[in-house]
Amino acid sequence: MELETSVYRPNIAVYDSPEGVEVRGRYDQVFAKILTRDALGFVAELQREFRGHVRYAMECRREARRRYNSGGVPGFDPSTKFIRDGDWICASVPPAVADRRVEITGPVERKMIINALNSGAKVFMADFEDALSPSWENLMRGQVNLRDAVDGSITFHDKSRNRVYKLNDQTAKLFVRPRGWHLPEAHILIDGEPATGCLVDFGLYFFHNFAKFRETQGSGYGPFFYLPKMEHSREAKIWNSVFERAEKMARIERGSIRATVLIETLPAVFQMNEILYELRDHSVGLNCGRWDYIFSYVKTFQSHPDRLLPDRVLVGMGQHFMRSYSDLLIRTCHKRGVHAMGGMAAQIPIRDDPKANEIALDLVRKDKLREVRAGHDGTWAAHPGLIPICNEAFTGHMGKAPNQIKSMKREDASAITEEDLLQIPRGVRTLEGLRLNTRVGIQYLAAWLTGSGSVPLYNLMEDAATAEISRVQNWQWIRYGVELDGDGLGVRVSKELFGRVVEEEMERIEREVGKDKFKRGMYKEASKMFTKQCTAAELDDFLTLAVYNHIVAHYPINVSRL
Ligand SMILES: CC(=O)SCCNC(=O)CCNC(=O)[C@H](O)C(C)(C)COP(=O)(O)OP(=O)(O)OC[C@H]1O[C@@H](n2cnc3c(N)ncnc32)[C@H](O)[C@@H]1OP(=O)(O)O
Ligand SMILES: O=CC(=O)O
Ligand SMILES: [Mg+2]
């Protein structure tokens, strides 16, 4: 089935919403098949049951931040030692997803979904999060696309190339990543307040797809999810309760829904056992969300000038704190009987430069070999062109075994300490580092404001997580007047220096993208927003939350600013 959305005509129709639910997003008869009265009713039930818990969890995050900003550091919680020391294991891995050696990720865009499902990867993680700009159009089309993907009818006609896309007989298993707990959905009001974004993503997807998914993809299990950006096991506990509520509504067995949690915040690395414990009936492992993890390191230590990061390009998995995190994650998952998934190498294929392409692919190969040798059960690929390399590394090492859960216990990693996990990364800071952060941050934001949540920039994949690193690192360097010690000139970062860098990088961006695209795009707006965030007195928690109001479009009242 081709996706057709109708042209907007104000006041012709409204969504059939239950009591207390108001849909402010554009009406579309295709979207209306997703936003049915019953589906909205389910989302409203979730919102009403869990909003208090979510509010409390977000307040706890703020409280923790106040602690870190007053000199505290995250660590293992003595009150949950019994969980870390206990002998429990998670429910067994569903056979349908025992082998996850290569997982491709991408936004919930129609052609990408078909390409990803056909890519030869074992799993496709369809992303409402880092890789998606959460405009109403993107979110609702994403829901329509996923419904068509699950029922097998999805097609796409690329008219410019006269190419029709449809699903192969064999496809990857689908995991869906809803947004993080912190993001609202301003187009759906429940009892007068914006809904919680992830409950909308989860609720609508689950409501429309659970039955078909279990029949065709999950062999009786599912649907499957990835859960992002959690900071504490109390947030995992909410997800567990949401899953139980959904299973009850669907009248399916408890433990049917399965999720992999991304460990991508610094506080969460000290909570890995606790997170698995809360989700033990619904878990299929943890994943190293390395980009958000780096972002979180800077954010957590925003008021610790003794813990500054070097240039972004120097913060790789070879740094002691990153390696310790990956090793402890493998140890924790395998002790509890679930997958320890690796992360994303940022390199993507470079079509017009074979030599540069070979270097990029070699970096990916090394990263994947490191992961499989360490004991990871699978990894992420950002692009179909990387799947053969990921496969080669994992199959070369694991052979036919579906995973390494039993064979790579990594008991040695039990010795990893708080100091290992917090060790300050080594490396220098340079003006080029500041420039690159600025150039990438502005271009990413310009793309996000115009609807693209993941983009290729300078031959790397950039998404919300990588852009966050650029933003918070600039903020911290400006805030502490950091010396750019890699340049040998003794230059210190200041607002004035940053202002000049922004001007020069904007000129460079204009040269690179061309005058026309520069004029049509939102580069100037993005530059203003990025500059404001990098120079703010207080660090905003999330880039995408701070600028969210710019992509909110309320109908029929036109474009709204929250
Ligand atoms: C930190 C994290 O959270 S990582 C997870 C979130 N991030 C992501 O998921 C990023 C996913 N990757 C992407 O979005 C893309 O690969 C980008 C934006 C980086 C590059 O995209 P493009 O510039 O379109 O790549 P390119 O032109 O080389 O694409 C070639 C083909 O591969 C397809 N393709 C590229 N990436 C993907 C993908 N991730 N999934 C499916 N298909 C893909 C394109 O659709 C295109 O298909 P076509 O030949 O049928 O037209
Ligand atoms: O979501 C993944 C990450 O690296 O961030
Ligand atoms: Mg992430």
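What follows is a conversation about a predicted model of a protein chain and its ligands.

Visitor: How do you know that the chain has more than one part?
Guide: The domain assignment divides the protein chain into domain 1 (42-422) and domain 2 (431-551). The centres of domain 1 and domain 2, taken over C-alpha atoms, are separated by 26 Å.

Visitor: What makes the side of domain 1 that touches domain 2?
Guide: In domain 1, 28 residues are in contact with 30 residues of domain 2. Helix H10 (290-300) and helix H12 (354-374) each supply at least two residues of that side of domain 1. The largest share, 6 residues, comes from H10. By type, the residues of this side are 17 nonpolar, 6 polar and 5 charged.

Visitor: Which record covers residues 429-551?
Guide: An unreviewed UniProt entry annotates residues 429-551 as "domain: Malate synthase C-terminal". In the model, the chain over residues 429-551 is 63% helix and 5% strand. The end C-alpha atoms of that stretch are 34 Å apart.

Visitor: Why is ligand 1 said to lie between domain 1 and domain 2?
Guide: The shell around ligand 1 takes residues from both domain 1 (42-422) and domain 2 (431-551), so ligand 1 lies between them.

Visitor: What makes up the shell around ligand 1?
Guide: Strand S2 (102-107), helix H4 (110-117) and strand S14 (455-457) each supply at least two of its residues. H4 gives the most, with 4 residues. There are 22 residues around ligand 1, and Thr105, Gly106, Asn115, Asp130 and Ser454 come nearest. The shell divides into 13 nonpolar, 5 polar and 4 charged residues.

Visitor: Which residues are around ligand 2?
Guide: They are Asp130, Leu262, Glu264, Gly289, Arg290, Trp291, Asp292, Gly343, Met344 and Ala465. H10 and strand S12 (340-344) each give two or more residues to this shell. H10 gives the most, with 3 residues. The shell around ligand 2 holds 4 nonpolar, 2 polar and 4 charged residues.

Visitor: Why is Gly343 called buried?
Guide: A residue counts as buried if 20 or more other C-beta atoms lie within 10 Å of its own. Gly343 has 24 C-beta neighbours inside 10 Å, so Gly343 counts as buried.

Visitor: Where is Gly343, and what is in contact with it?
Guide: Gly343 is in strand S12. Leaving aside neighbours within four places in sequence, Gly343 is in contact with Asn287, Cys288, Gly289, Arg290 and Trp380. As for Gly499, it is 156 residues from Gly343 in sequence and 34 Å from Gly343 in space, C-alpha to C-alpha.

Visitor: How do you know that the span of helix H11 agrees with what a helix should have?
Guide: H11 (residues 320-335) has 16 residues, and at 1.5 Å a residue it should span 22 Å. The expected span uses one less than the number of residues. The end C-alpha atoms of H11 are 22 Å apart, which agrees.

Visitor: Why is H11 called largely enclosed?
Guide: Of its 16 residues, 13 are buried, so H11 is largely enclosed by the rest of the structure. Just after H11, Gly337 takes a positive phi of about 80°.

Visitor: Is Tyr458 buried or exposed?
Guide: Tyr458 has 10 other C-beta atoms within 10 Å. The limit for exposed is 12 or fewer, so Tyr458 is exposed. Tyr458 lies in the loop between S14 and strand S15 (460-462).

Visitor: What makes the peptide bond from Gly222 to Pro223 cis?
Guide: Its omega is near 0°, and the bond is cis. Most peptide bonds are trans. Pro223 is found in the loop between H6 and S9.

Conventions: Residues are numbered from 1 along each chain as its sequence is written. Chains are lettered from A and ligands numbered from 1 in the order in which they are written. This is a predicted model: local features need pLDDT of at least 70, side-chain atom pairs count only at pLDDT 80 or more; totals for chains, interfaces and linings use all residues. A residue is near a molecule or strand if its C-beta atom, placed from the backbone, lies within 6 Å of it. Ala, Val, Leu, Ile, Met, Phe, Trp, Tyr, Cys and Pro count as nonpolar, Asp, Glu, Lys and Arg as charged, and the others, Gly among them, as polar. Domain bounds come from an automatic or database domain assignment. Two residues are in contact if their C-beta atoms, placed from the backbone, lie within 7 Å. UniProt positions are given in the numbering used here, feature names are shortened, and annotations may be inferred rather than shown by experiment.
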